[in-house]
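Please look over the chain below with its strands and helices in mind.

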Amino acid sequence: MFSFEVLPPLKGTGTANLFHTIDVLRQFNPSYINITTHRSEFVYTEQADGTFRRDCIRRRPGTIAVASAIMQKYNIKVVPHLVCSGFTAEDIEYMLLDLQFLGLSEIFLLRGDKALDDKRFRPEKGGYSHALQLIDHVNRFNEGFFIDGSPIKVKGCPFSYGVAAYPEKHEEAPNLDFDIQILRQKQDKGARYAVTQLFFDNRKYFDFVVRAREAGVTIPIIPGIKPLVRHSQLAVIPKTFHVDIPQALTDEVCRLDTDEQVKSLGIEWCVAQCRELLSAGVPSIHFYTMSATDSIQAILKQLI
């Protein structure tokens, strides 16, 4: 079984590229498609007098609308993200209502990234600092209560949710054991499964699962995979996702001259990764598709 994560279109660009990604990958019968959610960001525009104006923009709006469009167009299960980052509790409550109106009852809960200009994560005023608080909000909604304590007159189908896990630990966790305890708390509050941050060394995933099981985590832990597609990712991926690229893979990439060669190597490495994971009996494999749709198609053709 496989699943995919896609990004909503950039503001004003339309859905053509998104639908192309789904058209390419739906032939592999994904169990579901994740739709990411992105916070607003601040941009600074220089004024005629030399001062700068600070404007708030959302570059990728419409996660819930996109999820609904995909479900209606393709009849594929969609699992939109809900994040703390950039949203207030009231924002989240209205998103839950919109999801309920649309009949979307499966969601993925995570804190989300800090703003680009911030050195540490800062919640919105009236928002949440941690995914555990977001889980509590969804649980209260499932029980039939709004955030102000008033009852929901007509309760819809309760939300089922997955959460994130980090085989190489979250960047802000003091250590891996602490991070695993957070995952255990997510499970105990109601998470049905976890999807990992991307990784390139299967030993990191296998060791993480062993330690999580020893700590009492029993929910499925689904490996998240993304193939390399260009030279620049040797620097970008570790910085962005806070993961290591194994030395053997790094050495191979450094010997190559072109991004096309790196893309071929990325497919080869990822196929080997997936075969080992599937042989070990993982519950499924989740692919991060950004900039890698063609590679993932080539990988799945070799796996299926």
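## Strand 5 and its partners

Ile33 has Val78 in strand 5 as its bridge partner, and this pairing belongs to the 3 bridges that join strand 2 (residues 33-35) to strand 5 in a parallel run. Strands here, like helices, are DSSP runs numbered from the N terminus, with at least two residues (E) for a strand and at least four (H or I) for a helix, and two strands pair if DSSP finds at least two bridges between them. The model is a predicted one, in which local features need pLDDT of at least 70 and side-chain atom pairs count only at pLDDT 80 or more, while totals for chains, interfaces and linings use all residues. Residues are numbered from 1 along each chain as its sequence is written, and side-chain values use heavy atoms, with hydrogens and water left out.

Strand 5 also pairs with strand 6 (residues 106-110), again in the parallel sense and over 3 bridges, and Val83 has Leu110 as its bridge partner in strand 6. Because 6 of the 6 residues of strand 5 (residues 78-83) are buried, the strand is largely enclosed by the rest of the structure; buried means under 20% relative accessible area, exposed over 50%, and partly exposed in between, with a 1.4 Å probe and protein chains only. In a regular strand the side chains alternate between the two faces of the sheet. Here Val78, Pro80 and Leu82 are buried on one side, and Val79, His81 and Val83 are buried on the other.

## The barrel

The barrel is closed by 8 strands in the order 1-2-5-6-7-8-9-10, with parallel pairing. Strand 9 (residues 221-225) pairs with strand 10 (residues 285-288) in the parallel sense over 2 bridges, and Gly224 stands opposite His286 in strand 10.

## Helix 1 against helix 10

Helix 1 (residues 16-25) and helix 10 (residues 293-303) pack at an angle of about 10°, their axes being 10 Å apart; axes are lines fitted to C-alpha atoms, for helices over the stretch in contact, and angles run from 0 to 180 degrees between N-to-C directions. In this packing, Thr21, Val24 and Leu25 of helix 1 meet Thr293, Ile296 and Gln297 of helix 10, where contact means heavy atoms within 4.5 Å.

## Lys189

Lys189 lies in helix 5 (residues 176-189) and counts as partly exposed because its relative accessibility is 31%. Not counting residues up to four places away in sequence, Lys189 touches Leu132, Ile135, Asp136, Asn139 and Tyr161. The C-alpha atoms of Lys189 and Asp136 are separated by 7.5 Å, although these residues are 53 residues apart along the chain.
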